[in-house]
Amino acid sequence: MLTTLLLEELQELQAKNLYRSLRSLEWAEGPRAILNGREILLFCGNDYLGLSKHPRVVKAAQWALERYGVGSGSARLISGSTALHQRLEEKLAEFKKKEKALLFTTGYLANVGILTALAGSNDLIVMDKLCHASIIDGARLSGATLRVFPHKNYGKCEQILRSGLHYKKKLIVTDTVFSMDGDVADLKRLVEIKEKYDSLLIVDDAHGTGVLGDQGRGALENLHLEARVDIIMGTLSKALGCLGGFVAADKVWIDYLINFSRPFIFATSLPPMICNAAIEALQVLEEEPDIRHKLWANVNQAINLLKKNGLDIGSTESPIIPIQLGPEDTAVRLSNELLSRGILIPAIRYPAVPKHHARLRLTISATHKAHDIEHLAGTLRDLLH
Ligand SMILES: *Cc1c(COP(=O)(O)O)cnc(C)c1O
């Protein structure tokens, strides 16, 4: 029986502490939610600025909901392209200092859509080992040769490119902020390498957008490298609090994606209300910088307290703080103990991270209060010592 085989595989996952199941939150406000009738404190989402519930952002969604309805009705190239999609793309292009931008229905689809459109069987994709799953999946689906270099080992990246000069196109892909470790790629180094080996550089700024840079424009802002990176991918789903992915690039790349990127062509477009919410989220980001300042104050408070309590938190430079635990059962147990004390931080395990590199991926938001962070650090100290 087929179902017996499936059950066996699931049991095997359970035995290895790799089994996953869903939890349903009933209400959420700021970093607080109700789970199974009990109030809990969240330290795990990606809504770093709390914009998913910002009154201006919610109101913008409501305004568009009344006028455009719930769904867009089709893909962009049919009738699913509205004035709000266009306005958001114009705003994103300006925000990322590129000629044009293009929306995808999710960030996952954006990465798959970029790589499958731009790379094929005569091409080489070179990526950091810790790139997001959507980049790995896009690279595999593209049919290109995929080579991976050890995390932030750019010497090895160059070596791969040197031995791959015969490929037609060479694409270097990296996360800016690594989603499970919180550290940041050396983008200046990658730009130099890309230029030296006549390659394309694609950066995934999912966790930099809204968070890094003097104005929250992302990882490239303070480095002034926008013009030297070919493709900047980002999401609306993390610090901007909405949903969707986007690509910012020169016009020719965007025209190419509109014509060749299957996840763009064959998926229903974002609901217009989400576009209007994201437009407002970008506006809030610009007009209310105190939210970002509060986020960074919280991040610094958390890093200092956790280090003081002797926790191994790697080398994070972002609101993503990994608590490295190693064995899967240790991570699952700690996560369960935290939950019994009212704090939700799921255990992150293979395949999100390598086997036996399990961790708690805790994330900080501008909506946390100083005493929330003290409570977290104190609870972790009590549980780990
Ligand atoms: C979350 C994430 C994505 C996918 O974005 P979604 O909008 O959630 O589909 C892509 N890349 C990175 C680095 C991410 O963290």
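Me: At what angle do helix α12 and helix α13 pack, and how far apart are their axes?

Reply: Two packed helices are described by the angle between their axes and the distance between those axes. Here α12 (residues 328–340) packs with α13 (residues 370–384) at about 130 degrees, and their axes are 11 Å apart. Axes are lines fitted to C-alpha atoms, for helices over the stretch in contact, and angles run from 0 to 180 degrees between N-to-C directions. α12 and α13 are therefore oblique to each other (under 35 degrees is roughly parallel, over 145 roughly antiparallel, 65 to 115 roughly perpendicular, the rest oblique).

This is a predicted model, where local features need pLDDT of at least 70 and side-chain atom pairs count only at pLDDT 80 or more, while totals for chains, interfaces and linings use all residues. Residues are numbered from 1 along each chain as its sequence is written, and side-chain values use heavy atoms, with hydrogens and water left out.

Me: Which residues of α12 and α13 meet?

Reply: From α12 come Leu-334, Glu-337 and Leu-338, and they meet Thr-379, Leu-380, Leu-383 and Leu-384 of α13 (contact means heavy atoms within 4.5 Å). The contact residues of this pair divide into five nonpolar, one polar and one charged (Ala, Val, Leu, Ile, Met, Phe, Trp, Tyr, Cys and Pro count as nonpolar, Asp, Glu, Lys and Arg as charged, the others, Gly among them, as polar).

Me: At roughly what angle do the axes of helix α4 and helix α8 cross?

Reply: The axes of α4 (residues 107–118) and α8 (residues 251–260) cross at roughly 95 degrees and come within 10 Å. That makes α4 roughly perpendicular to α8. Gly-113, Ile-114, Ala-117 and Leu-118 in α4 meet Trp-253, Tyr-256, Leu-257 and Phe-260 in α8. Seven residues of this contact are nonpolar, one is polar and none is charged.

Me: How many helices and strands does the chain have?

Reply: The secondary structure comes to 13 helices and 14 strands (DSSP runs numbered from the N terminus: helices are H or I, at least four residues; strands are E, at least two).

Me: In what order do the strands of the open sheet of seven strands lie?

Reply: Strands of a sheet pair through backbone hydrogen bonds, either parallel or antiparallel. In this sheet the order is β4-β10-β9-β8-β7-β5-β6, with mixed pairing (two strands pair if DSSP finds at least two bridges between them). Its edge strands, β4 (100–104) and β6 (145–149), each pair on one side only. Neighbouring strands are turned by 20 degrees against each other on average, direction ignored. β4 runs antiparallel to β10 (residues 245–249), joined by five bridges, and Phe-104 stands opposite Gly-245 in β10. Helix α3 (residues 83–95) packs on the sheet, touching β4 and β10, and its direction makes about 125 degrees with that of β4.

Me: Which strands make up the open sheet of three strands?

Reply: The order there is β11-β14-β13, with antiparallel pairing. β11 (320–326) and β13 (347–348) stand at the edges with a single partner strand each, so one side of each has no neighbour in the sheet. Two bridges link β13 and β14 (residues 358–363), and Ile-348 stands opposite Arg-359 in β14.

Me: What is the peptide bond from Tyr-350 to Pro-351, cis or trans?

Reply: Most residues other than glycine have a negative phi, and most peptide bonds are trans. The bond from Tyr-350 to Pro-351 is cis, with omega near 5 degrees, and Pro-351 lies in the loop between β13 and β14. Asn-36 is not a glycine, yet has a positive phi of about 50 degrees; Asn-36 sits in the loop between β2 (32–35) and β3 (38–42).
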